[in-house]
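Please keep the sequence and the model at hand while reading.

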Amino acid sequence: MSYFGDIGKGIKTLLSGMKVTGKYFLNARKEIITQQYPENRDTLEMFERFRGEVVMPHDENNEHRCTGCQACEIACPNGSIEIVWDRKVDEETGKKKKYIVNHIYHLSMCTMCNLCIVACPTDAIKMAKKFENAVFDRTALTKVLNKPGSKLMDGVEE
Amino acid sequence: MYDFTGLIQGINKWLHSILPAVAADVVGWILIAAAFLGLFAILGLVLVLAERKIAAFFQLRLGPNRIGPWGIFQTVADAIKLLLKEPVGTNRADSFLYNLAPYFVIIAALMSMSVLPFAKGLHAYDIDIGVFFVIAMSSLGVMGILLGGWASNNKYALLGAMRSGAQMISYELSVGLSILTIVLLSGSLRMSDIVASQSDYWFIFKGHIPAWIAFMIFIIAGTAETNRTPFDLTEAESELGAGFHTEYSGLKFAFFFLSEFVNMFIIAAMGAILFFGGWMPLHIGGWDGFNHVMDFIPPIFWFFGKVSFLIFLIMWFRWTFPRLRIDQLLTLEWKYLLPMNLANILLMAFIVLMGWHL
Ligand code: SF4
Ligand code: SF4
């Protein structure tokens, strides 16, 4: 008689479903996951893997890890990255060497796909957790990631 | 104690003393109509807010919390927004039926509400076929949904309306039969008699197991009648846009939306009246002291308390169960609920015949 068995099983599973949601309802006060955004702005911490914008970290000597290899520019599916580079003579070896002038990043076009970060051989760029990206003038969305006067960190190229 | 009969009769007498008989009657009707419209609007506002808050707690959210303390004015703001919205219609719609449909739904809901007893003496129309009247009116509401879906000239709306038709035809049976099980116990279709005959035990205790089965079937089929999740195939946002009210906006949409919530109230009220004694306090036959203590709580609180509990139960269903597929919906009704219901009626009839009920 699977007919009555089905009815019994149906009722049992329905009740166990309601038990689960009922538990959530009773404990709702303690476990609320909603963030009350503008109020908690000072303490709000975005979660680990959030992708807000591409940034280039600099250390205290204003040095970054970008060699100007253009791997990120090639990897970007929608042309959000433009690398302006040049060559100069290295004093030690006397050879001509590529260096980065401007790492231009168009936040307005970026889809936060993370491909540029994966492509970078020297981990020079990463995703920041900032999410308040709205501005009144869209030119503010085109950013130069390397800070003025910054240079390549020693030992990155080896 | 807490009898409204005197108050209502007093108002009636006073109206007759200052106005000619016909005018007094008309004024009386208008007052009753205004009271019901007021209740309708308040129910809509309160239930929508309750639904959103309860849904939020089930999902560990906060729910509306910006307008007023704990967001209690959220639905008032929503209502004002809906009133101010531009009514957008479709070009090819059958405009007469399209405009008529929301009124069908809302008038059916109001008519069924008119026969509900809210407390002793607080009863607009104690018709002798009260239960039957509510069933008849609830099928009239479907007409509005079918008309709206058909007249919108939109395939999603039509699909939603057709599903609604299939669903109503099926589940009306279950609601009717489970109500019939209780009518066997009460021996009357008049609402006031049904409530009065529960003064020793509520029917759910009186009828033993068949009453419990009837209640379960009633609450399942009632949820289906009001087109709420898990039976909301008529709207099915993920499949049909918004189902039968896809093409409605502004106030006409608000009518559909409101009447869904008021229908939920009506189903919950019917459940409370038929199974939990309506406004009758919890009485246990023979325990006079206990019964007397219970009588101190006004019947209107008993009624709305029971209704709120049933409404909460229906909301709990909504935020627990996923939507049924149309074939599952029909299987549930025709293969499970209906045979169970018929067997249950026989059992109940036997119990009543042998006098085994309490
Ligand atoms: S995240 Fe994707 S879209 Fe954005 S800059 Fe990097 S590669 Fe381009
Ligand atoms: S950010 Fe990385 S990938 Fe892009 S140019 Fe600099 S070193 Fe190359």
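## Briefing

V352(B) is placed in helix α14 of chain B; helices (H or I, at least four residues) and strands (E, at least two) are DSSP runs, numbered from the N terminus. The model is predicted: local features need pLDDT of at least 70, side-chain atom pairs count only at pLDDT 80 or more, and totals for chains, interfaces and linings use all residues. Residues are numbered from 1 along each chain as its sequence is written, chains are lettered from A and ligands numbered from 1 in the order in which they are written, and side-chain values use heavy atoms, with hydrogens and water left out.

**Helix α14 of chain B**

- V352(B) counts as partly exposed because its relative accessibility is 27%; buried means under 20% relative accessible area, exposed over 50%, and partly exposed in between (1.4 Å probe, protein chains only).
- Between V352(B) and S186(B) there are 9.8 Å in space, C-alpha to C-alpha, although the two are 166 residues apart in sequence.

**Largest pocket**

- The largest pocket holds about 970 Å³ of space. A pocket is an open set of points on a 1 Å grid over the protein atoms alone, where a 1.4 Å probe fits, with protein on both sides within 12 Å along at least five of seven lines; lining residues have an atom within 4 Å of a point. Its volume is the space filled by probe spheres set on the points, which are joined across faces, edges and corners.
- Of the 30 residues that line the largest pocket, G10(A), I11(A), L14(A), I220(B) and L332(B) lie nearest its centre.
- At least two lining residues come from each of α1 (2–26) of chain A and α9 (208–225), α13 (299–318) and α14 (326–354) of chain B.
- The lining comprises 24 nonpolar, 5 polar and 1 charged residues. Here Ala, Val, Leu, Ile, Met, Phe, Trp, Tyr, Cys and Pro count as nonpolar, Asp, Glu, Lys and Arg as charged, and the others, Gly among them, as polar.

**Salt bridges**

- Over all chains, the whole structure contains 12 salt bridges, each a side-chain nitrogen of Lys or Arg within 4 Å of a carboxyl oxygen of Asp or Glu.
- One of them pairs K130(A) with E53(A) at 3.9 Å, N to O. K130(A) lies in the loop between β5 (126–128) and β6 (142–144) of chain A and E53(A) in strand β1 (residues 53–55) of chain A, so this pair ties together parts 77 residues apart in sequence.
- E53(A) also forms a salt bridge with K143(A), with the closest N and O atoms 2.8 Å apart. This pair links strand β1 of chain A to strand β6 of chain A, 90 residues apart.
- E53(A) is buried, with a relative accessible area of 8%, whereas K130(A) is partly exposed at 39% and K143(A) is partly exposed at 21%.
- The side chains of K151(A) and E63(A) form a salt bridge of 2.7 Å, N to O. K151(A) belongs to strand β7 (residues 151–152) of chain A and E63(A) to strand β2 (residues 63–64) of chain A, so the pair joins parts 88 residues apart in sequence.
- K151(A) is partly exposed, with a relative accessible area of 48%, while E63(A) is buried at 9%.
- In chain B, salt bridges that share partners connect E51(B), R228(B), E260(B) and R318(B) into one network.
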